[in-house]
Amino acid sequence: MSKIGLFYASSTGNTESVAKTIKEKITQVDVDFHDVSSCSKDAMIEYDFIIMGISTWGDGDLQDDWEDYFSNVSKIDFSTKTVALFGLGDQEEYPDTYLDAMGTLYTELMNNSATVVGSWPTDGYEHDESTAIIDGEFVGLALDEDNQDDLTDTRIDSWIEQISPYFIK
Ligand SMILES: Cc1cc2nc3c(=O)[nH]c(=O)nc-3n(C[C@H](O)[C@H](O)[C@H](O)COP(=O)(O)O)c2cc1C
C-alpha cells in the first residue's frame, strides 16, 4: 500500500489545523506529516502521492515558509507523481488575490510535469479574482477559515472522497 506525503506550512496555525484534520480523516493509507519549515529539501521525492497545503499572504504571495522552500519544489521532477492541493485564504479581505499562492504552486507543479488532481468548484465563494482558478475551477480544495470555517469540515470530507481513488490503488 502506498503512503501519502502531506506537506504544509502555516503562519497562524490555520493550515496546520486543516492538515491535521485531513490526516485524521484519511484512514485507508498512512499519511506522513511534513512541515516545510523544517523538512529536508528532498522529502517529497519518496512519495508517489503528495498533498500540499498552502496559505496566501501579503498581496497574493506565498506563505513565508513555502516561499523559502519553493526552490526545492522547483528542482523535483514530478512526472511520476500525483499531487492534490488545498489552499487557505480570506476571500472577503483579499477578494483580488484569494488563494493566489495555491495558483502559484499549481503552476510550478505543472511546469515540473506533475499530475494535479482534486480541483474544486467555485460555487459558494464570494470574491473577484484568483490565480488559483483555471478553466472555471479552483485547482485544489478552497478553504477560508476567516469567513467560512463552518464549511471546512464538509468540504474536506467531500474532497477526500474525490481524491481517494488516486491514492487507494
Ligand atoms: C497580512 C495578511 C495578508 C493576507 N493576504 C492574503 C491574500 O493576499 N489572499 C488571501 O486569500 N488571503 C490572505 N490572507 C489570509 C490568510 O491566508 C488566512 O488567514 C489563512 O487562513 C492563514 O493561514 P495560516 O495561518 O495557515 O498561514 C492574509 C492575511 C493576512 C493577515
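Helices (H or I, at least four residues) and strands (E, at least two) are DSSP runs, numbered from the N terminus. The model here is predicted: local features need pLDDT of at least 70, side-chain atom pairs count only at pLDDT 80 or more, and totals for chains, interfaces and linings use all residues. Residue numbers start from 1 along each chain as its sequence is written.

**Exercise 1.** Describe the shell around the ligand.

*Solution.* Start with the count: 23 residues surround the ligand, a residue being near if its C-beta atom, placed from the backbone, lies within 6 Å. The closest are S10, T12, T15, S55 and G89. Next, look at the elements: α1 (14-25) and β3 (49-57) give two or more residues each, and β3 gives the most, with 3 residues.

**Exercise 2.** Work out which residues of α1 meet α4.

*Solution.* Take contact to mean C-beta atoms, placed from the backbone, within 7 Å. On the α1 side you will find V18, T21, I22 and K25; on the α4 side, T152, I156, D157 and I160. The residues of this contact divide into 4 nonpolar, 2 polar and 2 charged.

**Exercise 3.** Trace the open sheet that contains β9.

*Solution.* Recall that two strands pair if DSSP finds at least two bridges between them. The order is β7-β9-β8, with 3 strands and antiparallel pairing. At the edges sit β7 (120-121) and β8 (133-134), each pairing on one side only. Now zoom in: 2 bridges join β8 to β9 (residues 137-138), and I134 has E137 in β9 as its bridge partner.

Conventions: Contact = placed C-beta atoms within 7 Å. Nonpolar A, V, L, I, M, F, W, Y, C, P; charged D, E, K, R; others polar.
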